[in-house]
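Here is a friendly walk through a fold, with the helices and sheets taken in turn. Have the model open as you read, and follow along on screen.

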Amino acid sequence: MAKRGLLIVISGPSGVGKGTVRELLMGDRELDLVYSVSYTTRAMRPGEKDGVDYHFVDETTFRKMVAEGGFLEHTNFVSHNYGTPKKEVFAALEEGHNVILEIEVNGAHQIMKKCKGENLLTIFILPPDRETLLERLVGRDTEDPEVIKARLEKASRELAMAKDYDYQIVNDDLGKAVEAIRSLIRARLG
């Protein structure tokens, strides 16, 4: 029987580089990472693929999944719903894979409460400063100014919760941030 996998939660404000960090970690085959693709009700952005970046669903489908207990965590963020599928995560962990979740802080806190006693590693990625975060959000050119403003306001609240995570990593140098997280995962895996 395979040893139960490690559940890795990577969180932080929008624009901090969570997706890029996750993609780079996924390239390390020694870590045996499985990415849990979340469900969302938001529209697909240019370049995104359904089932790869997110499972894009309508509100009715999402609410049905919530009612059926299909999510390990779920939240509403900037007028859209997001959720992590419970069945897929636990199946991968049982098979001995290490599962990486890239989620926002409300979802991360739900997992911290629900998964006490699990082999869990929580990492909060911090921006170097507020100005850099704003530049990254504007530079994505995927959202209008009102949404960017909402994301920045939410980021201020999220940054105050960084202390609740096992580790905090500043993403001021992408390569160093990824290596620091890779080292934390390897240390936890023994």
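Predicted model: local features only at pLDDT ≥ 70, side-chain atom pairs only at ≥ 80, totals over all residues.

## Two sheets to find

Strand β3 (residues 39-40) joins β4 in the parallel sense, and 2 bridges link them. If you want a landmark here, Tyr 39 stands opposite His 55 in β4.

The other sheet to pick out is also open, with 5 strands in the order β2-β7-β1-β8-β9 and parallel pairing. Here β2 (33-35) and β9 (167-170) are the edge strands, each pairing on one side only. On average, neighbouring strands of this sheet are turned by 25° against each other, direction ignored. Within it, strand β1 (residues 7-11) and strand β8 (residues 120-126) run parallel and are joined by 5 bridges. A handy landmark for this pair is Val 9, which stands opposite Thr 122 in β8.

## Helices lying across the sheets

## Where α1 meets α7

Two packed helices are described by the angle between their axes and the distance between the axes. For helix α1 (residues 18-26) and helix α7 (residues 174-189), the axes come within 10 Å and cross at roughly 60°. Angles under 35 degrees count as roughly parallel and 65 to 115 as roughly perpendicular, so α1 and α7 are oblique to each other. The crossing of α1 past α7 is right-handed.

Which residues make this contact? From α1 come Thr 20, Val 21, Leu 24 and Leu 25, while α7 supplies Leu 174, Val 178, Ile 181, Arg 182 and Ile 185. Sorted by class, the contact of α1 with α7 has 7 nonpolar residues, 1 polar and 1 charged.

## The whole protein

Zooming out, the protein has 7 helices and 9 strands. Its radius of gyration is 16 Å, close to the 16 Å that the globule rule gives for 190 residues, so the protein is as compact as a globular protein of that length. Taken along the principal axes, the C-alpha atoms fill a box of roughly 50 × 40 × 30 Å.

Definitions and conventions:
Residues numbered from 1 in each chain as written. Heavy atoms only, no water. Axes fitted to C-alpha atoms, helices over the stretch in contact; angles between N-to-C directions. Helix = DSSP H or I, 4+ residues; strand = E, 2+ residues; numbered from the N terminus. Parallel < 35°, antiparallel > 145°, perpendicular 65-115°, else oblique. Left-handed = near helix turned anticlockwise from the far one by under 90°. Contact = heavy atoms within 4.5 Å. Nonpolar A, V, L, I, M, F, W, Y, C, P; charged D, E, K, R; others polar. Pairing = 2+ DSSP bridges. Rg over C-alpha atoms; globule rule 2.2 N^0.38 Å.
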